[in-house]
Amino acid sequence: MQHYLSLAIKSIFVENILLAFFLGQCSFVACSKKVETAIGLGTAVIFVMTITTPASWFFYNILLRKGAPLLMWLNVPFLDLSFLGFMAYIAVIAAMVQFLEMFLDKYFPALYAALGIFLPLIAVNCAVLGAALFMVKRDYNLMESIVYGASTGMGWAMAIVSMAAIRKKLRYSNIPAGLEGLGIIFIMTGLLAMTFMCFSGIKL
Amino acid sequence: MSQREGLFSKRRWEAFREFVWEQNPISFQILGICSALATTTQVKTAMIMVLGLAFVTSLSNTIISLLRKYIPSAIRIIIFLVVIATLVIIVDEVLKAFMFDLSKKLSVYVGLIITNCIVMGRAEAFAMSNGPWDSFLDGLSNSAGYGLFLLAVAIPRELFGKGTILGFTIIPESAYQMGYKDAGIMLLAPSAFIILGLLIWGKTEIEMRAAKKGGR
């Protein structure tokens, strides 16, 4: 249990996917204008990542890995399909997002109305694919990959919501004309990343 | 088109310049920032990343432009993803075969070219409605603009973080003896954000001055 807790803390704070690994920048910049939008997108990302990371885990470990059960069953133990990984994960993510959209539309219309417009955006959010790739690279097991997916999503959501809050304040501050817009956002993100680095000594 | 246009006509050259400077994918279109920041601790990795992106963007643009009349618009995103993912797999395998150390350093970021918004964005915005040669050039010019920013971030990071550029020592030994120290923070995440922010500031400032002078 403690192991999972420390993994979660690590991926939310210490190795925040946005601030330490730079993933999911595009939507981070584009959708952090309003706090409400940021919360909506953040929730959707947590949701999607919690599902896609273990789904990619299944794909990798059952079909693609060398000596994976399905390949053994097909009697081709020499085959290593892991080079098809990129294709598989991106397909899993795109399909999951599409499926989730239909599922929410049918059974949870209120949630769908809130998340609806953000869901298609997530398919091209590099944080989601990044989480799948890191999961494979670090050899997580199933439980770890669920925890990793969920907490990485939370870390991303936290970063975008705090950025949206900062931007709300920034509107009333006096910024040099050339720095307005994109420039100041990056500098603020840099400062945010610096504060998150304070967590880096923590070991659980 | 009534008149045949030269392969490198003036209009195409103009478009190239525009994407490198005015409509730079990173500072203007806000595309492809993730990898721009992650791979810039060294000039070498940044250069490999630019080459990889140039290969993928220009070819995916060409292929999608050739197929544009046959792609149903309802499933176009998935088709884009398949084309792009195939090209990225090629880049990744080539890197693994010939530059194993570098491919280790770039780790997942090569794979992330798939979701690099430049590739997807250009496929959607340009290749779907233009001919193959134009699309190829469009891919190249966007990658050039991307490369410009990547190098501009990577050079100060490597220089002040390690005292080298491309692995060659730039800051002399005597400077270290006089008490100069490499700034470790340049190799960490926050500096990348801040340098990029300052670069964008500089670029907007130059543009604003030019606009004032030209009275545009």
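**Exercises on the interface of chains A and B**

Chain B and chain A together bury about 3,300 Å², 87% of it on carbon and sulfur atoms; buried area is the accessible area (1.4 Å probe) that two parts lose on being put together, summed over both. This is a predicted model, in which local features need pLDDT of at least 70, side-chain atom pairs count only at pLDDT 80 or more, and totals for chains, interfaces and linings use all residues. Residues are numbered from 1 along each chain as its sequence is written, chains are lettered from A in the order in which they are written, and side-chain values use heavy atoms, with hydrogens and water left out.

**Exercise 1.** Determine which residues of chain B lose the most area to chain A.

*Solution.* Step one: 40 residues of chain B are in contact (heavy atoms within 4.5 Å) with 38 residues of chain A. Step two: B:C34, B:T115 and B:F193 lose the most area, together 19% of what the chain B side buries.

**Exercise 2.** State how many salt bridges join chain B and chain A.

*Solution.* A salt bridge requires a side-chain nitrogen of Lys or Arg within 4 Å of a carboxyl oxygen of Asp or Glu. By this criterion, the count between the two chains is zero.

**Exercise 3.** Identify which helix of chain B gives the most to the side that touches chain A.

*Solution.* Helices are DSSP runs (H or I, at least four residues), numbered from the N terminus. The elements giving two or more residues include helix 2 (33–38) and helix 4 (76–98) of chain B. Helix 10 of chain B gives the most, with 13 residues.
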